[in-house]
Structure formats: structure tokens, C-alpha cells
Amino acid sequence: MEGADIKKSEIIDLLNQDLTGEIEAILVYMRDSFVTPQCDPSRKMEEIAKDEMRHAEILAELIVDLGGTPSMLHKELDFGKGGTEAF
């Protein structure tokens with residue numbers, strides 16, 4: 001039984017790592033959609049952020065189902081000073 005507990009905790013850790021990536025992606029896509037003038041690319045960025053939110057929800061549910069706690073931590077993100085200059 002001990003081996004199963006260790007494996008479960010490793011799975012939870014890996015799922016939390018994935019959740020961290022989804023949270024970071026949500027923040028980046030949402031920020032970029034806010035600073036980009038309303039156009040097809042900005043709307044697309046917002047839709048991608050929503051997809052990332054769905055992914056985060058799935059991961060969080062899996063973590064809870066395994067008896068873990070979803071981590072809401074993320075690294076500090078550097079968004080730069082300005083908006084997206086290409087648009």
C-alpha cells in the first residue's frame with residue numbers, strides 16, 4: 001500500500017505542475033488580449049485563455065479526486081512595459 005501512496009503523490013505533483021502552466025498561460029493570454037486593440041487576434045487570445053481555464057478546471061478536479069489540493073502558485077511573469085507592438 002505504501003508504494004501506491006507514493007505514486008499517487010507523484011501524480012498529484014505532476015498534475016499541479018501542469019496546473020501551474022495552465023495558470024501562467026491564462027494570465028499571459030488574458031493580459032495580451034487586454035492590451036491588443038479589439039480585433040480578430042485579440043478575440044482569439046481571449047478564446048485561448050478560456051480554453052486554458054477549462055484545462056485548469058479539469059486538472060484541478062483530477063487533483064482533488066486523487067486527494068490532493070490544487071496549487072494556485074505560478075512564477076512571476078514578465079509582461080514587458082508596453083502592449084503588443086505587432087498589432
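This is a predicted model: local features need pLDDT of at least 70, side-chain atom pairs count only at pLDDT 80 or more; totals for chains, interfaces and linings use all residues.
**Entry: overall layout**

I counted the secondary structure of the protein chain and got two helices and zero strands. The chain has 87 residues, and 28% of them are buried. I looked up the accessible surface as well, which is about 6300 Å². Carbon and sulfur atoms hold 57% of that surface. For contacts with a separation of 6 or more, I asked how many join residues 24 or more positions apart, and the share is 75%.

**Entry: helix H2**

I turned to helix H2, which covers residues 40–65. H2 has 26 residues, and from its first C-alpha to its last I read 38 Å. That is close to the 38 Å expected at 1.5 Å a residue. I listed the buried residues of H2: Ser42, Met45, Ala49, Glu52, Ala56, Leu59 and Ile63. After H2 comes Gly67, and its phi is positive, near 95°.

**Entry: the nonpolar core**

Which residues form the largest nonpolar core? I found 10 residues in it: Ile12, Leu15, Leu19, Ile23, Ile26, Met30, Ala49, Ala56, Leu59 and Ile63. H1 and H2 are the elements that give two or more residues to this core. The largest share comes from H1, with six residues.

Is Ser33 buried or exposed? Ser33 lies in helix H1, which covers residues 2–35. Its relative accessible area is 4%, so Ser33 counts as buried; the cut-off for buried is under 20%. Leaving aside neighbours within four places in sequence, I found Ser33 in contact with Gln38, Ser42, Met45 and Glu46.

I then took Leu14, which is also found in helix H1. Leu14 has 52% relative accessibility and therefore counts as exposed, since exposed means over 50%. I also read off a C-alpha separation of 9.6 Å between Leu14 and Ile63. Along the chain, Leu14 and Ile63 are 49 residues apart.

How many salt bridges does a search of the whole structure find? The search finds five. Beyond the pair in my opening note, I looked at Lys50. Its side chain meets that of Glu46 in a salt bridge at 3.7 Å, N to O. The side chain of Lys50 also meets that of Glu47 in a salt bridge, at 3.6 Å, N to O.

Lys50 and Glu46 are four residues apart in helix H2, so about one helical turn separates them. Lys50 and Glu47 are three residues apart in helix H2, so they too are separated by about one helical turn. The general rule is that an α-helix has 3.6 residues a turn, so residues three or four places apart point the same way.

I recorded that Glu46, Glu47 and Lys50 are linked in a network of salt bridges. Last, I checked how exposed each one is. Lys50 is partly exposed at 32% relative accessibility. Glu46 is partly exposed, with a relative accessible area of 29%. Glu47 is partly exposed, with 39%.

Note on methods. Residues are numbered from 1 along each chain as its sequence is written. Side-chain values use heavy atoms; hydrogens and water are left out. Buried means under 20% relative accessible area, exposed over 50%, partly exposed in between (1.4 Å probe, protein chains only). Contact means heavy atoms within 4.5 Å. Accessible areas come from the Shrake-Rupley method with a 1.4 Å probe; for residues, only the protein chains shown count as cover. A nonpolar core is a set of buried Ala, Val, Leu, Ile, Met, Phe, Trp, Tyr and Cys residues joined through side-chain atoms within 4.5 Å. The expected span of a helix is 1.5 Å times one less than its number of residues. A salt bridge is a side-chain nitrogen of Lys or Arg within 4 Å of a carboxyl oxygen of Asp or Glu.
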